[in-house]
Amino acid sequence: MKAKQIRSTDIELKDKLVALNRVTKVTKGGRNFTFSAIVVVGNEDGIVGHGLGKAKEVVEAISKGVDDAKKNLIKVPVINGSVPHLQKGKYSGARVLLKPASHGTGVIAGGAMRAVLESAGITDILAKSQGSSNPHNVVKATFDALSQMRDAVQVAKDRGVSMDTVFNG
C-alpha cells in the first residue's frame with residue numbers, strides 16, 4: 001500500500017541538505033564542474049519529501065532539490081513522537097529497519113536516515129541502515145519504509161472493523 005501524496009501549498013516546510021556532490025566532466029576545453037544536492041523537506045509533523053537538484057552553482061542545486069522535494073511529499077503516521085510499528089524498507093542495495101522507541105530515546109539513526117526522520121517529526125526511534133550506504137539509496141529506502149507505515153485507525157478502516165477489534169483481536 002502506498003502513502004498518499006500531499007500538496008505543498010499552505011504547508012510551512014523546512015529543508016535539510018542530506019548530501020552535496022561535486023561532479024567533474026573532463027572535456028577537450030578543460031574540466032566542467034557541476035553540483036548535485038539531495039534535499040529533504042518536512043513540516044516536522046508527519047509530512048516529509050525528498051528531492052535531487054543539479055546545477056553549476058551549489059545554491060542553485062539546493063533550491064532545485066527543494067523544489068523537487070516539494071513534489072514528492074508523503075504523510076507519515078507519528079504516534080507520541082515515534083513510529084507505530086517495526087518496518088523494513090528497501091531501495092536498490094540499501095535496506096533500512098525502523099523500530100519504535102519509548103519517549104526520551106531520541107533519534108538513533110545515521111546520516112541520511114536521520115535527516116529524513118527528523119524532518120518527518122519523529123523524535124524517538126531506533127533505526128538501522130544495512131547494505132549500501134549511498135545517501136540516494138538510503139533516503140529512498142527510508143521513504144519506502146515510512147510510506148508502508150500504518151496507524152491503528154488506518155488498519156481498522158482497511159479491515160472494515162472497529163478500533164476495539166484491532167487491539168483485542
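Colleague: Which residue is the bridge partner of Val107 in E9?
Modeller: Ile125 is the partner of Val107 there. Before we go on, this is a predicted model, where local features need pLDDT of at least 70, side-chain atom pairs count only at pLDDT 80 or more, and totals for chains, interfaces and linings use all residues. Residues are numbered from 1 along each chain as its sequence is written, and side-chain values use heavy atoms, with hydrogens and water left out.

Colleague: Fine. What do you call a strand or a helix here?
Modeller: Both are DSSP runs numbered from the N terminus: helices are H or I with at least four residues, strands are E with at least two.

Colleague: In what sense do E8 and E9 pair?
Modeller: Parallel, over two bridges, with E8 covering residues 107-108. Two strands pair if DSSP finds at least two bridges between them. Going from E8 to E9, the chain passes through H2, and this β-α-β crossover is left-handed. A crossover is called right-handed if, with the strands pointing away from the viewer, the path from the first strand over the helix to the second runs clockwise.

Colleague: And how many bridges join E7 to E9?
Modeller: Seven, and those two strands run antiparallel. Lys99 has Leu126 as its bridge partner in E9, and Val96 stands opposite Ser129 of E9.

Colleague: What order do the strands of that sheet take?
Modeller: E6-E7-E9-E8, an open sheet of four strands with mixed pairing. E6 (87-91) and E8 are the edge strands, each pairing on one side only.

Colleague: Let's zoom out. How many helices and strands are there in the chain?
Modeller: Five helices and nine strands. From the N terminus the order is β-β-β-β-α-β-β-β-β-α-β-α-α-α. The C-alpha trace spans about 70 × 35 × 30 Å along its principal axes.

Colleague: What share of the residues is buried?
Modeller: 38% of the 169 residues. Buried means under 20% relative accessible area, exposed over 50%, and partly exposed in between, using a 1.4 Å probe and protein chains only.

Colleague: Which residues touch the most other members of the largest nonpolar core?
Modeller: Val48, Leu98, Leu117 and Leu146, out of 27 residues in that core. A nonpolar core here is a set of buried Ala, Val, Leu, Ile, Met, Phe, Trp, Tyr and Cys residues joined through side-chain atoms within 4.5 Å. Strands E3 (30-42), E7 (94-100) and E9 (125-131) and helices H2 (111-120) and H3 (135-147) each give two or more residues to this core. H3 provides the largest share, six residues. Another core lies apart from it, with eleven residues, among them Phe35, Val41, Ile47 and Ala69.

Colleague: What does Leu117 touch?
Modeller: Not counting residues up to four places away in sequence, its partners include Leu98, Val107, Ile125, Thr142 and Leu146. Contact means heavy atoms within 4.5 Å.

Colleague: You mentioned Thr142. Is that one buried or exposed?
Modeller: Thr142 counts as buried because its relative accessible area is 0%. Thr142 sits in helix H3. Leaving aside neighbours within four places in sequence, Thr142 is in contact with Val96, Met113, Val116 and Leu117.

Colleague: How many residues of H3 are buried?
Modeller: Ten of its 13, so H3 is mostly covered.

Colleague: What caps the N-terminal end of H3?
Modeller: Asn134 does, with a side-chain oxygen 3.0 Å from the backbone nitrogen of His136.

Colleague: New topic. Where does Glu44 lie?
Modeller: In the loop between E3 and E4. Glu44 has a phi near 60°, a positive value in a residue other than glycine. Most residues other than glycine have a negative phi. Glu44 is partly exposed, at 36% relative accessible area.

Colleague: Which loop holds Ser92?
Modeller: The one between E6 and E7. Ser92 also has a positive phi, about 55°, although it is not a glycine. At 51% relative accessibility, Ser92 counts as exposed.

Colleague: Last one: how far apart in space are Glu57 and Met163?
Modeller: 52 Å, C-alpha to C-alpha, and they are 106 residues apart in sequence. Glu57 is in the loop between E4 (47-55) and H1 (58-70).

Note on methods: Polar contact = N/O pair within 3.5 Å; in protein donor to acceptor, adjacent residues only side chain to side chain.
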